[in-house]
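Reader: I am new to this structure. Can you show me how to read its features, one at a time?
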Number of protein chains: 2
Amino acid sequence: MKKSAPTIRDVAAAAQVSTATVSKFINGAQRFSPKVEAAIESAIAGLGYKSNPLAKSMITGRTNTIGLSVLDITNPHFSSILKGANRVAHDQGFSVLLVDTEETPSRERRTLEELSRRVDGMIVFSRMREHEMAWMADIDKPLVFFGTLAKLPLPTVASDDHAGAYMLAQHLRMLGHRRIAYLGFSKSRRDEERLGGIRESLNAAGLELAIFDAEAPSLAEGERLCSAIVLGGQRPDALICYNDLMALGFMKEASNLGISIPQDISVVGFDNIPYGKYTTPALTTVDLQSERMGATAMEKLLAVIRGEHVEKLTKVAPQLILRASTIARRP
Amino acid sequence: MKKSAPTIRDVAAAAQVSTATVSKFINGAQRFSPKVEAAIESAIAGLGYKSNPLAKSMITGRTNTIGLSVLDITNPHFSSILKGANRVAHDQGFSVLLVDTEETPSRERRTLEELSRRVDGMIVFSRMREHEMAWMADIDKPLVFFGTLAKLPLPTVASDDHAGAYMLAQHLRMLGHRRIAYLGFSKSRRDEERLGGIRESLNAAGLELAIFDAEAPSLAEGERLCSAIVLGGQRPDALICYNDLMALGFMKEASNLGISIPQDISVVGFDNIPYGKYTTPALTTVDLQSERMGATAMEKLLAVIRGEHVEKLTKVAPQLILRASTIARRP
DNA sequence: CTGTTAGCGCATTCAT
DNA sequence: ATGAATGCGCTAACAG
């Protein structure tokens with residue numbers, strides 16, 4: 001009984017008008033005589049007609065879909081970005097096609113090149129260095145990139161990681177910390193910015209910085225590296241973690257090792273994921289405004305798609321979230 | 001300089017063959033003489049030809065895209081489901097078009113009906129009751145639903161919430177708890193199953209169950225309802241939360257109120273989100289296998305799309321995750 | 001206001 | 001093994 005879905009031609013026939021008229025009516029491109037409008041409407045209702053978006057897309061070249069590529073969707077930083085981006089997209093009639101690269105850059109290029117044919121634009125979060133990204137500029141679709149780009153002429157949205165890290169380090173210094181360590185993640189493009197911010201603060205005071213490097217920005221890596229940090233040689237009196245996940249992992253393992261936070265060591269992170277508030281003690285962190293960044297990136301991309309002019313770089317100001325309990329005052 | 005992307009016709013012309021030949025070659029439908037194959041290959045390489053997936057989709061009716069609808073992508077339960085589903089999809093050459101309904105059921109139907117035209121199949125997580133879902137069966141695309149369905153002839157993937165809740169309650173009883181409370185979320189379809197599992201255990205011992213109901217399955221609601229639970233009348237000696245988020249929120253606020261966990265009240269949750277392990281004390285919970293459920297649903301859907309026969313219901317067994325520290329032994 | 005015409009880029013008969 | 005012809009469902013000029 002189920003014949004193939006009714007087409008615009010069926011509607012045209014039933015309403016005794018041309019397909020062009022139906023098409024224009026559907027797209028609200030024009031008003032028609034009440035007679036015609038009524039006829040079309042009842043034909044559509046009668047047949048249960050629904051426009052075929054694929055056929056439409058092929059002609060218009062617009063899919064009303066945006067590709068969003070992130071590194072790990074289970075990381076709250078990225079799910080918040082997705083949340084913000086998706087909300088804006090939805091409000092403007094767009095859908096989000098998700099790509100989770102799972103920290104595997106090898107297939108990134110092919111995936112994105114393929115993706116670019118199915119969407120009106122893309123938002124990309126990548127670990128690639130700028131010199132590996134030249135091909136992105138050749139993709140024939142609007143693209144917004146997360147992070148700063150020195151030369152590539154791509155619009156970007158970035159948090160000010162340098163400033164955030166500087167604030168964190170300054171705050172620790174003010175409270176008397178002197179032996180500060182950084183548990184970083186050098187594979188990330190933002191790692192160096194955070195490192196730079198920390199260094200700027202510490203250098204001014206002539207303080208050394210001990211650096212540890214994680215293989216992944218994860219809870220598990222925070223746990224794994226904890227013992228080396230707190231039991232290996234002179235223990236730092238404060239640890240800045242690349243992100244909150246690592247900070248949470250570190251805190252858990254520190255507790256297992258009998259190390260008290262913040263009495264034995266202060267801990268801070270980045271991202272302000274919701275869960276940092278629910279540990280004991282609650283985690284001091286830098287809010288990078290993940291959801292807002294996602295929304296901003298999507299707004300920017302949709303503006304480009306509409307042909308509007310946009311700034312090359314949109315910088316989102318970070319906010320220090322003081323939950324004093326992971327930080328002690330040092331005498 | 002940028003002419004519109006090369007089409008199959010350009011390739012055919014350059015290789016001196018027909019478009020049909022190029023089409024068949026690209027899709028590996030057939031072998032051709034070495035001469036022809038070489039000519040086509042070099043034409044493709046020379047022009048940088050890429051098949052237009054939209055045009056292809058319009059003809060074949062297949063988009064290689066799967067729609068996934070979840071309630072809140074920032075909830076780790078759902079981001080894990082997405083992770084699992086996305087991985088399977090990616091491995092089989094499919095992309096995931098995400099819908100985050102943000103717990104707003106009103107637009108769900110329209111959104112999904114529209115989505116159905118752009119994808120080869122859908123996986124849906126919804127708060128709708130079965131009687132509101134009849135229209136889903138009419139959607140002309142394969143669909144897999146999360147949860148159990150009594151009558152609707154839709155393939156489903158479900159966790160055994162009743163069993164999980166029963167285990168939880170039994171465990172609490174074994175450890176001597178008598179005044180057990182449930183912090184539920186009655187808007188959810190699974191709430192009643194969990195309630196049923198708890199009741200089955202408690203009824204056997206003739207124990208009462210105090211019930212509290214949240215407006216949302218969130219951290220904030222766990223916090224909000226905490227005081228009513230621990231300070232309102234006779235305090236329960238154990239609280240089963242609808243999910244881990246609520247449990248985490250509850251634990252935080254309990255601590256603010258000076259209530260010790262588990263000395264004053266034991267707390268358990270559902271989902272086994274990663275962050276439950278990093279609170280103090282660590283949270284005992286029921287692992288519903290979110291990622292596996294996502295993967296299973298996607299496998300099932302792709303099987304349906306391939307025309308294979310699948311079971312109506314795939315049940316995933318839950319696992320009790322004992323992190324004894326949120327549970328005390330009661331004398 | 002409404003209709004006619006002409007494809008979009010591709011896969012698919014059905015010839016040869 | 002290869003090609004000519006046809007049309008998927010729709011929109012975009014251009015006519016009238």
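Author: Gladly. Keep in mind that this is a predicted model.

Reader: How many bridges join strand 4 of chain B to strand 5 of chain B?

Author: Two. Strand 4 covers residues 143–146 and strand 5 covers residues 156–159, and they run parallel. For one residue, find what stands opposite: B:Phe145 faces B:Thr156 in strand 5 of chain B.

Reader: In which sense do strand 6 and strand 7 of chain B pair?

Author: In the parallel sense, over five bridges. Strand 6 spans residues 180–184, and strand 7 spans residues 209–213. B:Ile180 has B:Leu209 as its bridge partner in strand 7 of chain B.

Reader: What unit do these two strands make with helix 9 of chain B?

Author: A right-handed β-α-β unit. Follow strand 6, then helix 9 (residues 191–204), then strand 7, in chain B.

Reader: Where does UniProt place the feature "domain: HTH lacI-type"?

Author: The record, an unreviewed entry, puts it at residues 6–60 of chain A. Now read that span in the model: 69% helix and 0% strand. Its end C-alpha atoms lie 21 Å apart.

Reader: How many disulfides are there over all chains?

Author: First, the idea: a disulfide is a covalent bond between the sulfur atoms of two cysteines. To count as one, the sulfurs must be within 2.5 Å. The count over all chains is zero. Take A:Cys241: the nearest cysteine sulfur, that of A:Cys226, is 9.2 Å away. In chain B, B:Cys226 is in no disulfide either, and the nearest cysteine sulfur, that of B:Cys241, is 9.2 Å away.

Reader: Is A:Cys241 buried or exposed?

Author: Check the relative accessible area: buried means under 20%. A:Cys241 has 0%, so this residue is buried. B:Cys226 also counts as buried, because its relative accessibility is 0%.

Notes: Residues are numbered from 1 along each chain as its sequence is written. Chains are lettered from A and ligands numbered from 1 in the order in which they are written. This is a predicted model: local features need pLDDT of at least 70, side-chain atom pairs count only at pLDDT 80 or more; totals for chains, interfaces and linings use all residues. Side-chain values use heavy atoms; hydrogens and water are left out. Two strands pair if DSSP finds at least two bridges between them. Helices (H or I, at least four residues) and strands (E, at least two) are DSSP runs, numbered from the N terminus. A crossover is right-handed if, with the strands pointing away from the viewer, the path from the first strand over the helix to the second runs clockwise. UniProt positions are given in the numbering used here, feature names are shortened, and annotations may be inferred rather than shown by experiment. Buried means under 20% relative accessible area, exposed over 50%, partly exposed in between (1.4 Å probe, protein chains only).
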